Amino acid sequence: MASTASSSVFAAFDKDGDGKISTSELRGCMAAALGEEVSEEEAAAILATADTDGDGLLDHHEFMRLSAAHQMQEPAEESLRCLREAFDMYAEEEETAVITPASLRRMLRRLGSEHQRLEMEDCRAMICRFDLNGDGVLSFDEFRVMMLMA
């Protein structure tokens, strides 16, 4: 399962599908995930830390090494279990196992009065930041990436 998750995250970053992640692709995904622009220099510096073959691009192996370095390891089994429980609180239904704008809105409203005015468009925007494959919902893998980046 981890290789499928890592492959889907890699594919989301590799916008042109050439099997390599450029500085531009890295910047775009980091900006989407973090909600703020990353400079060309910052992205180039990050890329350079993992670019072992010196081609100025990240292949899948280099990307996974970079991800592991920034996440400081895959979450332990207990952490993964906690992430799954948190995800399940927000997920629409166990069968579909995705967080939709409606399920996010519903859970946030249950959590407190400051979220009572949250509109569906606000929830769509929150999901969009970490929706790596652009399907409008968060899978567990996308949720995990979001939580590890926080």
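Tutor: A helix here is a DSSP run of H or I with at least four residues, numbered from the N terminus. The structure above is a predicted model, and by that rule its protein chain comes to eight helices and zero strands. Read along the sequence, the chain follows the pattern α-α-α-α-α-α-α-α.

Student: What makes Asp88 and Arg84 a salt bridge, and where do the two residues lie?

Tutor: A salt bridge requires a side-chain nitrogen of Lys or Arg within 4 Å of a carboxyl oxygen of Asp or Glu. For Asp88 and Arg84 the N to O value is 3.8 Å, and the pair therefore falls within the 4 Å cut-off. Both residues lie in helix α5 (residues 77-90), four residues apart, which is about one turn of the helix.

Student: Why does Asp88 count as partly exposed, and why Arg84?

Tutor: Buried means under 20% relative accessible area and exposed means over 50%, with partly exposed in between. Asp88 has 38% relative accessibility and therefore counts as partly exposed, and Arg84, with a relative accessible area of 29%, is partly exposed by the same rule.

Student: What makes Lys20 and Asp55 a salt bridge, and why does the pair tie together separate parts of the chain?

Tutor: The closest N and O atoms of Lys20 and Asp55 are 2.8 Å apart, and the pair therefore meets the requirement of lying within 4 Å. Lys20 lies in the loop between α1 (2-13) and α2 (23-34), whereas Asp55 lies in the loop between α3 (40-50) and α4 (60-71), so the pair ties together parts that are 35 residues apart in sequence. Lys20, at 22% relative accessibility, counts as partly exposed, and Asp55 falls in that class at 34%.

Student: How do you know that Glu40 and Arg27 meet in a salt bridge, and which helices hold them?

Tutor: Their side chains come to 3.2 Å, N to O, a value that is within the 4 Å cut-off and therefore qualifies. The pair links distant parts of the chain, with Glu40 in helix α3 and Arg27 in helix α2, 13 residues apart. Glu40 is partly exposed at 39%, and Arg27 counts as partly exposed at 26%.

Student: Why is Ile21 called buried, and what does Ile21 touch?

Tutor: Ile21 has a relative accessible area of 0%, which is under the 20% limit, and Ile21 is therefore buried. The place of Ile21 is in the loop between α1 and α2. Not counting residues up to four places away in sequence, Ile21 touches Phe10, Phe13, Asp14, Leu26, Leu47, Leu57, Leu58 and Phe63.

Student: How do you know where the buried residues of α3 lie around the axis?

Tutor: The buried residues of α3 are Ala43, Ile46, Leu47 and Ala50. They cover an arc of only 100° around the axis, which puts them on the same side of α3. The face turned away from that buried side carries the exposed residues Glu41, Ala48 and Thr49.

Student: Why are α6 and α7 called roughly perpendicular to each other, and which residues meet?

Tutor: Helix α6 (residues 101-111) and helix α7 (residues 120-128) pack at an angle of about 110°, with their axes 8 Å apart. Angles of 65 to 115 degrees count as roughly perpendicular, and α6 and α7 are therefore placed in that class. Pro101, Ala102, Leu104, Arg105 and Leu108 in α6 meet Met120, Cys123, Arg124, Met126 and Ile127 in α7. By class, this contact has eight nonpolar, no polar and two charged residues.

Conventions. Residues numbered from 1 in each chain as written. Predicted model: local features only at pLDDT ≥ 70, side-chain atom pairs only at ≥ 80, totals over all residues. Heavy atoms only, no water. Axes fitted to C-alpha atoms, helices over the stretch in contact; angles between N-to-C directions. Parallel < 35°, antiparallel > 145°, perpendicular 65-115°, else oblique. Contact = heavy atoms within 4.5 Å. Nonpolar A, V, L, I, M, F, W, Y, C, P; charged D, E, K, R; others polar. Buried < 20%, exposed > 50% of the residue type's maximum accessible area, 1.4 Å probe, protein only. Arc of directions from axis to C-beta.
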